[in-house]
Amino acid sequence: MRIDQIQIHRVRMPLVYPFRTAFDDAYAVESVLVKLTSNGVSGWGEAAPWESPFYCSEWAGGVFLLIKDWLGPRLLHREIDSSVQLQERLAPFKGNPFAKAGLDLAWWDLHTRIAGVPLWQALGGRGPEAEVGADFGVMESIDVLIETIARAFQEGFKRVKLKFRPGWGLEMVEAVRKAFPSGVFHVDCNSAYRLSDLDLFRQLDRFNLAMIEQPLAHDDLIDHAKLQQSIATPVCLDESITSVEKAEKAIAVGACRWINIKPGRVGGITTAVKILRKAESSGIPCWIGGMLESAIGASHCLALATLPNMLYPSDVFPSERFYAKDLGSPEIRLARPSVIRAFDGAGIACEPDPRELELRKVESCTLR
Ligand code: OSB
Ligand code: MG
């Protein structure tokens, strides 16, 4: 298909409550929406690296500029008939997986809309539904956290992810495990620790966590491999897996026993699927992570979450958990406890709500 037009919007979406992690206390999520148009049909993508380079080295303002000045012009007025071709055209630009993913996701939505099939089906999903988990950031107190977790288990969530950072660490996990002796939990450290904290992770072993997500530096593989050799709890990599090559190396050196795949962080759906296949053939299970995307990016995540070898509930959430009104329409809702169902229709079957987009837009541009 020939890419006739590329529209880019940087948006700022206020959260209903602050999301506190090891890298930031966030009150809003910044994200970049990308619309590719071919022959009058459009597809949408989303890149949500957030407002500042705290999670990774990219940020929404930079992603906007990069797509506008460099990546977009490489695709505009060209025949891009496969996602492999799209990735090849973007390959000369080093790194910047979120920016590339914005375009890759939009291409997949466009391609599957033209083909008239749902994205999950085109990718080889098991069905339109995927299991999702609950996820809680740092809270006012451990008591509040425990009440919140109790509610999540009552609502039927099968696993709970806990943010873990200095001051909200071992003691918190100990209290949670005591309150819920058989609950499935894992912690996400968002790269706040170093190998010199090995003793802390050895102590975590007694709490029978499903995994420890990204304990060490955001770009490290070697120390994670050393850590994994020294503890029983599986290590799951998030930040460190930024490409197919990084995933291959992580697996080769034994840096993890799980991989959290975020289509944004790995450069798109095309690369996410490759990582998933490589992991599967190496006996490494995966699950889908999230960046608090709007329903648009969340729909792409959900489509990936329906694939085989996704063996842990995903971080895809009902819109209302984070947003008073989702920028994407329709909004994401639970189909039943712990399960979200992809929207019926071709592609992701989700688009920005025009009024909401107008309200949340920070800057926009159209390449034609
Ligand atoms: O590390 O997985 C992460 C949100 C923003 C940036 C990074 C991360 C997260 C989450 C939230 O953990 C996942 C979610 O609740 O969707
Ligand atoms: Mg994470």
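In this predicted model, the second largest pocket lies between domain 1 (5–116 + 353–367) and domain 2 (121–341), because both domains give residues to its lining. The largest pocket likewise lies between domain 1 and domain 2, since each of them gives residues to its lining. The shell around ligand 1 also draws on both domains, with at least three residues from each.

**Second largest pocket**

- The second largest pocket holds about 420 Å³ of space, and of the 18 residues that line it, the closest to its centre are Gln87, Lys100, Ser243, Glu245 and Thr271.
- Four helices, namely α2 (83–90), α3 (97–115), α9 (244–253) and α10 (269–281), each supply at least two residues of the lining of the second largest pocket.
- Sorted by class, the lining of the second largest pocket comprises six nonpolar, seven polar and five charged residues.

**Largest pocket**

- About 570 Å³ of space lies in the largest pocket, which is lined by 25 residues, and those closest to its centre are Tyr17, Phe136, Thr148, Glu320 and Arg321.
- Two or more residues of the lining of the largest pocket come from each of the elements β1 (5–20), β5 (134–136) and α5 (142–154).
- The lining of the largest pocket is made up of 13 nonpolar, three polar and nine charged residues.

**Surroundings of ligand 1**

- Ligand 1 is surrounded by 18 residues, and the closest of these are Asp135, Lys163, Asn190, Lys262 and Phe317.
- By class, the residues of the shell around ligand 1 divide into eight nonpolar, two polar and eight charged.
- In the side chain of Lys161, an N or O atom is 2.9 Å from an oxygen atom of ligand 1, while for the side chain of Asp188 the corresponding distance from an N or O atom to an oxygen atom of the ligand is 3.0 Å.
- The protein covers 99% of the 380 Å² of accessible area that ligand 1 has on its own.

**Backbone details**

- Ser191 has a positive phi of about 65° although it is not a glycine, and Ser191 is placed in the loop that runs between β7 (185–188) and α7 (198–204).
- The peptide bond that leads from Ser329 to Pro330 is cis, with an omega near 0°, and Pro330 is found in the loop between β12 (328–329) and β13 (334–336).

Notes. Residues numbered from 1 in each chain as written. Chains lettered and ligands numbered in written order. Predicted model: local features only at pLDDT ≥ 70, side-chain atom pairs only at ≥ 80, totals over all residues. Heavy atoms only, no water. Near = heavy atom within 4 Å. Polar contact = N/O pair within 3.5 Å; in protein donor to acceptor, adjacent residues only side chain to side chain. Areas by Shrake-Rupley, 256 points an atom, 1.4 Å probe, with all protein chains shown as cover. Nonpolar A, V, L, I, M, F, W, Y, C, P; charged D, E, K, R; others polar. Domains from an automatic or database assignment. 1 Å grid on protein atoms, 1.4 Å probe; cavity = no way out; pocket = protein on both sides within 12 Å on 5 of 7 lines; lining within 4 Å. Points joined across faces, edges and corners; volume = space filled by probe spheres on them.
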